[in-house]
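Here are a few notes to go with the model. Keep the 3D view open while you read, and click on each residue as it comes up.

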Amino acid sequence: DALSLLNDNSDVTFDDLFYAVFSGTFNKVSNALNRLFWEMSPFQISRIMINKIDKINLCKSYVENGTDIDKACSYVGIKNFKVAPMFKNIVNKWDNDMINKALRVLMEFEKLAKTKNYPLEVAFEYCLFKIASLKK
């Protein structure tokens, strides 16, 4: 309800946003993004997201070459007890084509945001919804 929303002072991290996007939970994407906009610009969030997608690609390549997923996650720096299971889920459930589409959506946002006069927050939220809709 509205009162619980107003009284919710819990911290939202980039990981909360990232895993909401890649799990396809639109309401969590919107809530996390609105809170992160107080701390970061859409460009900063986009670049962190691109870096995290690069880690997914690298982890997937380790796994495809026979490395155990736990070891592959530690190779790319994912050791946090809270986020490791969510990261592994993305590595297992998102194929290379979907990950590359997500990366292209982010790159297109950066290109359009620099050349067009779009409201950045609205354009970026649309971009993240587009990525979240890739989840099967």
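**Notes on a predicted model**

1. Start with a side-chain pair: S30 and E125 make a polar contact through their side chains, at 2.9 Å. Keep in mind that this is a predicted model.

2. Where does S30 sit? Look in helix 3, which covers residues 26-36. Leaving out residues up to four places away in sequence, S30 touches E125 and F129.

3. Is S30 buried or exposed? Its relative accessible area is 19%, and the cut-off for buried is under 20%, so S30 counts as buried.

4. Now hop over to G77, in the loop that links helix 5 (69-75) to helix 6 (84-93). G77 has 45% relative accessibility. Buried would need under 20% and exposed over 50%, so G77 goes down as partly exposed.

5. Next, the second largest pocket, which holds about 200 Å³ of space. Which helices each supply at least two residues of its lining? They are helix 7 (96-115) and helix 8 (120-132).

6. To trace that pocket yourself, pick out its lining residues: V105, E108, F109, L112, A113, Y118, L120, A123, Y126, C127 and K130. By type, the lining of the second largest pocket has nine nonpolar residues, two charged and no polar ones. E108 and K130 are both in the lining, and Glu and Lys count as charged.

Terms used
Residues numbered from 1 in each chain as written. Predicted model: local features only at pLDDT ≥ 70, side-chain atom pairs only at ≥ 80, totals over all residues. Heavy atoms only, no water. Helix = DSSP H or I, 4+ residues; strand = E, 2+ residues; numbered from the N terminus. Buried < 20%, exposed > 50% of the residue type's maximum accessible area, 1.4 Å probe, protein only. Polar contact = N/O pair within 3.5 Å; in protein donor to acceptor, adjacent residues only side chain to side chain. Contact = heavy atoms within 4.5 Å. 1 Å grid on protein atoms, 1.4 Å probe; cavity = no way out; pocket = protein on both sides within 12 Å on 5 of 7 lines; lining within 4 Å. Points joined across faces, edges and corners; volume = space filled by probe spheres on them.
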